[in-house]
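This report describes a protein model from its overall dimensions down to single residues. The sequence and the coordinates come first.

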Amino acid sequence: MIERLRYIRLPTGDLTAAVAFSRNVLGLQDSGESEENVRFRSNEHAYSLEFDQSGRTSAPVVGFEVRFEAQLDEVADALSQQGLTFGRLSSGACEAGLFAEGLCFQDHSGNLIELVVRPHNKGRRFFPSRDTGLTGLQRVALRSTHIVADTALWTQALGLRATDYVGGGVYLTMDDAHHRVALHPSPRNGLLSIGFGAEDLDAIMQNRYWLEEHQIRIVFGPGREPTSGAVTLAFEGPEGSVFTLGTEMRSLGSDWRPRQFAHEAASFCGWGSPNAIMELAGGQDR
Amino acid sequence: MIELKDVCYARLFTTDLDGASAYATTILGLQPAGIATGERQFRSDSRSHTLSYASGNPADNVIGFELADDRGLNDAGAALEAMGHAVHYGSSSEAERRHVSNYIAFNDAGGTHVELVVRPEVSGRRFFQSRDPGIAGFNHVGLFSSDPGRDELFWTRVFNARVSDRIGAIPLLRLDRIHHSIALVPAPRCGIQHINHQVESVDDIQRSHALLRQYRVPVVFGPGRHPTSGARFLYFQGPDGMVFEYSIGVTEVDELTHRERQFGFEPSSLCMWGSKNRVAEFGE
């Protein structure tokens, strides 16, 4: 059903700071701006990250691509069955968002999700504004206050596969990557992290020291996730957001069987890096 | 030309034998291999030992290299004597203590104690590390040099060492296809500057980094990557001021096509990731 992770839209009260971070720290490429919003590319897509100061974005939004408009109706039916409400995006919103059709809804925790049809690609390749070794928007992690219901939503209504579990949390994918979406149990909802791929370990380590030098707080890593195999670096973005760079994430074959990892620190990092994100700290090793 | 096969062992001296021995096993992860007349020996690979600690002056440390055979050893002794070096021919009991069939000892021009050995013993039992740093073996050393130009000539003209690369005045010398077995580090002193053990993967580097920080072992450089050899590395402090290094992925040099490169003496020549160096001799 869902084909790709497409974009993240974040509300902001300080567009200037958001632009500076996206350009100078993440090294993303400008892809259009107005007085109210600004967009950035990270790959062949028209945009991967958007900051909105208009007030129309109340909370972070995660956008996914589906192939056909008819699938939006199928999802709408499935959402109704789970007792969730939804809305179709107006033609004006679709035009402004650079896609043909769209559906928006909240998951059981209240996280905002959009599904869009035929979002734009760009003819010109992505050209980073800094040599970060970024390879594009790769994954997203969400906080869930209703982990069982949300897991059912993502696997049943939206058609993702569970690939591994850590404690109550679940990693989900729609392609051969270990995960594109992670749900972590939490007392609150919200976007936990926005993940970009990086070329290799050199890129991760170079960014690690670059961030340190520029006094940007690293909240995790570099560390290796025993679940996905990814080497990950997580750091603070504007207004409480967290961004990650990851490389060497496992590709899964069709015979992959989901595994259950204990909720402990070693399940989140095989190298022993502590994680300052409460949901990913794992308590004490047992 | 005296042909060195490989680095063989480092013999270190300490004022705290128990402390240094504990470090060798619990921090470095080496395997205790026995005690020969007060000298505690440790394994890092298939060889009977590659590191030893004995009570004494830490400045007197010794680096051992392997030679092919006794004829090579005698030729080496004669050549070194002809150059004016005092050569000590090891007695059978001294050779036995080192687990070698024969050896000679001399000082290089700067005063570094060097031993050339023949037929160092390997062990029938496989190496079993004391903790799990993923050690793959003793690999190379950095030697202090009060005159790197003089010492480069010594190691490359008298011996078979070749320059793989230079960082400022630091020549990186190879004995075989491995990018370097000796680094000559400029400093107004002599002896071993650092001791490198290879590990199995970059994960091992990162795991040890987390563990060493937990143990409050001062990490002096890294985790980083040398643009010269391509190795991912971690340098940390050992007993008596010795620096130890774990690294992975030292490139092999193609003897026919490789030409040594000159890197500027600047931080990015020592680490392409941008880690901050706190080894004084590597510069600021």
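What percentage of the 286 residues in chain A do buried residues make up? Buried residues account for 45% of the 286 residues in chain A; a residue is buried if 20 or more other C-beta atoms lie within 10 Å of its own, exposed if 12 or fewer, and partly exposed in between, with C-beta atoms placed from the backbone.

## Basis of the model

This is a predicted model, in which local features need pLDDT of at least 70 and side-chain atom pairs count only at pLDDT 80 or more, while totals for chains, interfaces and linings use all residues. Residues are numbered from 1 along each chain as its sequence is written, and chains are lettered from A and ligands numbered from 1 in the order in which they are written.

## Overall form of chain A

Chain A contains 6 helices and 17 strands; helices (H or I, at least four residues) and strands (E, at least two) are DSSP runs numbered from the N terminus. The radius of gyration of chain A is 18 Å, close to the 19 Å from the globule rule for 286 residues, so chain A is as compact as a globular protein of that length. This radius is taken over C-alpha atoms, and the globule rule is 2.2 Å times the number of residues to the power 0.38.

The C-alpha trace of chain A spans about 50 × 40 × 35 Å along its principal axes. Of the contacts in chain A with a separation of 6 or more, 62% join residues 24 or more positions apart; two residues are in contact if their C-beta atoms, placed from the backbone, lie within 7 Å.

## Domains

Chain A is assigned domain 1 (2–117) and domain 2 (134–280), with bounds that come from an automatic or database domain assignment. The centres of these two domains of chain A, taken over C-alpha atoms, are separated by 20 Å. Their contact takes 28 residues from domain 1 of chain A and 31 residues from domain 2 of chain A. On the domain 1 side, the elements giving two or more residues are strand E1 (2–11), helix H1 (15–25) and helix H2 (69–81) of chain A, and E1(A) gives the most, with 5 residues. By class, this side has 14 nonpolar, 11 polar and 3 charged residues; Ala, Val, Leu, Ile, Met, Phe, Trp, Tyr, Cys and Pro count as nonpolar, Asp, Glu, Lys and Arg as charged, and the others, Gly among them, as polar.

In chain B the assignment gives domain 1 (4–118) and domain 2 (135–282). Here the centres of the two domains of chain B, taken over C-alpha atoms, are 20 Å apart, and the contact takes 29 residues from domain 1 of chain B and 31 residues from domain 2 of chain B. Strand E1 (4–14) and helix H1 (17–27) of chain B are the elements that give two or more residues to the domain 1 side. The largest share of that side, 7 residues, comes from E1(B).

## The nine-stranded sheet of chain A

In chain A, 9 strands form an open sheet of mixed pairing, in the order E14-E15-E16-E13-E9-E12-E11-E10-E17; two strands pair if DSSP finds at least two bridges between them. E14 and strand E17 (259–261) of chain A stand at the edges, each with a single partner strand, so one side of each has no neighbour in the sheet. Within the sheet, strand E15 (residues 231–236) and strand E16 (residues 242–247) of chain A pair in the antiparallel sense over 6 bridges. Leu233(A) has Leu245(A) in E16(A) as its bridge partner.

## Contact between the chains

The contact between the chains takes 12 residues from chain A and 11 residues from chain B. On the chain A side, helix H5 (201–213) and strand E14 (218–224) of chain A are the elements that give two or more residues. H5(A) gives the most to this side, with 6 residues. By class, the chain A side has 6 nonpolar, 4 polar and 2 charged residues.

## Local features

Pro222(A) lies in strand E14 of chain A, and the peptide bond from Gly221(A) to Pro222(A) is cis, with omega near 5°. In chain B, the peptide bond from Gly222(B) to Pro223(B) is cis, with omega near 5°, and Pro223(B) is in strand E14 (residues 219–225) of chain B.

His99(B), in the loop between helix H3 (92–97) and strand E7 (102–107) of chain B, has a phi near 55°, a positive value in a residue other than glycine. His99(B) counts as buried, with 22 C-beta neighbours inside 10 Å.
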